[in-house]
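The sequence and the structure come first.

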Amino acid sequence: MKDFEQALGIDPERLAADADRLFARLNDLPGDAVTVRAESADGWVSVVYDSAAGVRDLRLNPRAMRMDSDRLAETILDVLRQAREQAEAGERRRAEERLGAGNALFGERQFVGERLREATGPLQDNLERANATIDRLRNLLRP
């Protein structure tokens, strides 16, 4: 295990333990999605956004119809973006509360992925050499 830890720069036992905790706790997560409401500064555009289903409601105040179309479109997109970001942040907070903020699967996943991709080339080379050696041994052992 120490060779693996030195080669990849991560503790595989900690990663495995965190994965076990993650999967054990997934069943405990409530099924409800995070739902948020965002509103434009002037209150003319509001959006209800659900982290699982996306936009649930879009409301335009009659005064919003007096805005020029480009400004209205920009305002709608801005409010949608705000709502989506709030819902995603809520989902992250909920996951961290349930699964533990120090879980290596969250904090180190990019690092782990990069290290595994780096190790893939040499691993593939070693497997090819091992297969070639096995083929040579088979040829020597054949009558």
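## Hairpins

Strands β2 and β3 form a hairpin with 3 residues between them. Helices (H or I, at least four residues) and strands (E, at least two) are DSSP runs, numbered from the N terminus. The strand β2 covers residues 45–50 and is joined to β3 by 6 bridges, the two running antiparallel. Two strands count as paired if DSSP finds at least two bridges between them. Within this pairing, D50 stands opposite G54 of β3, and V45 has L60 of β3 as its bridge partner.

A hairpin is also formed by β1 and β2, with 5 residues between them. In that turn, G43 has a positive phi of about 80°. The strands β1 and β2 run antiparallel and are joined by 5 bridges. T35 has D50 in β2 as its bridge partner.

## Basis of the model

The model is predicted: local features need pLDDT of at least 70, side-chain atom pairs count only at pLDDT 80 or more, and totals for chains, interfaces and linings use all residues. Residues are numbered from 1 along each chain as its sequence is written, and side-chain values use heavy atoms, with hydrogens and water left out.

## Overall fold and sheet

The chain has 5 helices and 3 strands, which follow the pattern α-α-β-β-β-α-α-α along the sequence. Of its 143 residues, 23% count as buried. Buried means under 20% relative accessible area, exposed means over 50%, and partly exposed lies in between (1.4 Å probe, protein chains only).

The 3 strands make an open sheet in the order β1-β2-β3, with antiparallel pairing. Its edge strands are β1 (35–39) and β3, each of which pairs on one side only. Neighbouring strands of the sheet are turned by 15° against each other on average, direction ignored; the axes are lines fitted to C-alpha atoms, for helices over the stretch in contact, and angles run from 0 to 180 degrees between N-to-C directions. Strands of a sheet pair through backbone hydrogen bonds, either parallel or antiparallel. In β2, 5 of the 6 residues are buried, so this strand is largely enclosed by the rest of the structure.

## Nonpolar core

The largest nonpolar core has 13 residues. Such a core is a set of buried Ala, Val, Leu, Ile, Met, Phe, Trp, Tyr and Cys residues joined through side-chain atoms within 4.5 Å. The residues with the most contacts inside this core are V36, V45, V47, Y49, L72, V79 and A83. Two or more residues each are given to the core by β1, β2 and α3 (69–99). The largest share, 5 residues, comes from α3. In soluble globular proteins, nonpolar side chains tend to be buried together.

Helix α3 also contains E91, which is partly exposed at 24% relative accessibility. E91 and A52 are 39 residues apart in sequence, and their C-alpha atoms are 9.8 Å apart in space.

## Nonpolar surface patch

V55, L58, L60 and M65 make a nonpolar surface patch of about 350 Å². Patches are made of residues with over 30% relative accessible area and no salt bridge; like charges are joined within 9 Å, and nonpolar side chains (Val, Leu, Ile, Met, Phe, Trp, Tyr) within 5 Å. Accessible areas come from the Shrake-Rupley method with a 1.4 Å probe, and for residues only the protein chains shown count as cover. L58 is found in strand β3 (residues 54–60) and is partly exposed, with a relative accessible area of 40%.

## Salt bridges

The structure holds 7 salt bridges, each defined as a side-chain nitrogen of Lys or Arg within 4 Å of a carboxyl oxygen of Asp or Glu. Side chains of opposite charge can pair when their charged atoms come close. One of the salt bridges joins D50 and R56, at 4.0 Å from N to O. D50 is buried, with a relative accessible area of 9%, whereas R56 is exposed at 56%.

E39 forms a salt bridge with R37, with the closest N and O atoms 3.1 Å apart. The relative accessible area of E39 is 38%, and E39 is partly exposed.

A salt bridge also links R138 and D135, whose closest N and O atoms are 3.8 Å apart. Both residues lie in helix α5 (residues 109–141), 3 residues apart, about one turn of the helix. D135 counts as partly exposed, at 41% relative accessibility.
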